[in-house]
Amino acid sequence: MVLRMDSPAPAIKVENWLRGEPLTAFQPGKLYIIEFWATWCGPCVEAMPHLAELQEKYKDRGLEVVGVASSEDAPTADEARTKLDAWLTENCSYLNYRIAFDFAGEMDKLWMEPSLSLGIPTSFVVDRDGAIAFIGHPMELNKVLPKVINGRWRTSKQAKADDAKRVAEDEATMRERAVKTPILDKFYAAFKAQEWHTALTAIEEGVALFPDDPLIRTSHARLLIHEMRDMRAGLPVMQRFVRDAINQNCVNWLSYALEQLFHPEEDYSYLPSAERFAMGKELSEHILPLLEPPTGDGAFKFLYYPALGKYFYETGDKDRAIELIEVALKSLADWEDGSKQSKRQIGQRLLQALANYKGEQVCSQGIC
């Protein structure tokens, strides 16, 4: 049975409560946000200050926010719990809501899987009568939560339409995943074993079935060009990837394609330079307008600039390359929700590129 709006809320079964008092049952008359998240999930981390704001704003209306960390990456529960606790201490001084830890996967079985929720962050709103009122991304809570609080949401046509759409889309995604996962499992296993022809057969099946998946297209191009170094087959594949990325007019597509040609830490001396620079020119011309303004609105913009900087540096425009990396560093500094560790790792890579382009040591925010 699918867990959806109006379904009774499942139980709370977790191993530990790392922040706040344990919650054993939903109290009638109270509202709850049950938020599934992980420390490695950028959008989850980005949503946490927003959830803290909602907790503060609506606490007098009976709201309780509960973060459920059920996807931490560690060999054992003890290691995951210790790592999570340290991360919360370092990064979440503002936290004003409960944090539950579930390594055994009980909460996923009770909440995520029955609701067809395929990724995190995912928020569940539990209404005052203990029924599910909303399932979706936490950034949608601003428009939904006030209506739930006022008792108008679950009876509205909009709520019913949104919930039906969510279920239909998630069912379609699950059917797609059932086909895609065995193909990718075969590809990654062969790739790891360096069985290139087996990997190629698998990824070509993926491209035939899912031509609009940019990660599959990226894997196809990377395998042919960078692993097999088959330019006769690889260059036409890369050129089609570039054309499709331009037609998509999507920053992720364009960035994935550009990184196959101008990643700052890769050697591309084996690629035919004329074709490589021609594709780089097209991609850079299309991606730069999509990054305006270069900082501020839109998280993770700093991830798109390193390949652009590499392209301009190799074309001889050193000043433009330096400018782009400096913009990336400014964008990184403006990333309020990133952990200190993530920002430091990305900052080190950007500073290394900047030092290479300037031919001198550079420092920023204590990193040299």
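## Aromatic pairs

The structure holds 15 aromatic pairs, where rings of Phe, Tyr and Trp (its six-membered ring) pair if their centres lie within 6.5 Å, and planes under 30 degrees apart count as stacked, over 60 as edge-to-face and the rest as tilted. Trp37 and Trp87 form a tilted pair, because their ring centres are 5.8 Å apart and their planes stand at 45°. Since Trp37 belongs to strand β2 (residues 31-37) and Trp87 to helix α2 (residues 77-91), this pair ties together parts that are 50 residues apart in sequence. Both Trp37 and Trp87 are buried.

The model is predicted, so local features need pLDDT of at least 70 and side-chain atom pairs count only at pLDDT 80 or more, while totals for chains, interfaces and linings use all residues. Residues are numbered from 1 along each chain as its sequence is written, and side-chain values use heavy atoms, with hydrogens and water left out.

## A second pair and a cluster

Phe262 and Tyr311 are buried as well, which is a term for under 20% relative accessible area, with exposed meaning over 50% and partly exposed in between (1.4 Å probe, protein chains only). The rings of Phe262 and Tyr311 have centres 5.3 Å apart and planes at 85°, so the pair is edge-to-face. Phe262 sits in helix α9 (residues 251-262) and Tyr311 in helix α11 (residues 305-314), 49 residues apart, so that the pair links distant parts of the chain.

Elsewhere, Phe26, Tyr32, Phe36, Trp111 and Phe124 are linked into a cluster by ring pairs.

## An exposed lysine

Lys165 is found in helix α5 (residues 157-192), and Lys165 counts as exposed because its relative accessibility is 53%.

Key: Helix = DSSP H or I, 4+ residues; strand = E, 2+ residues; numbered from the N terminus.
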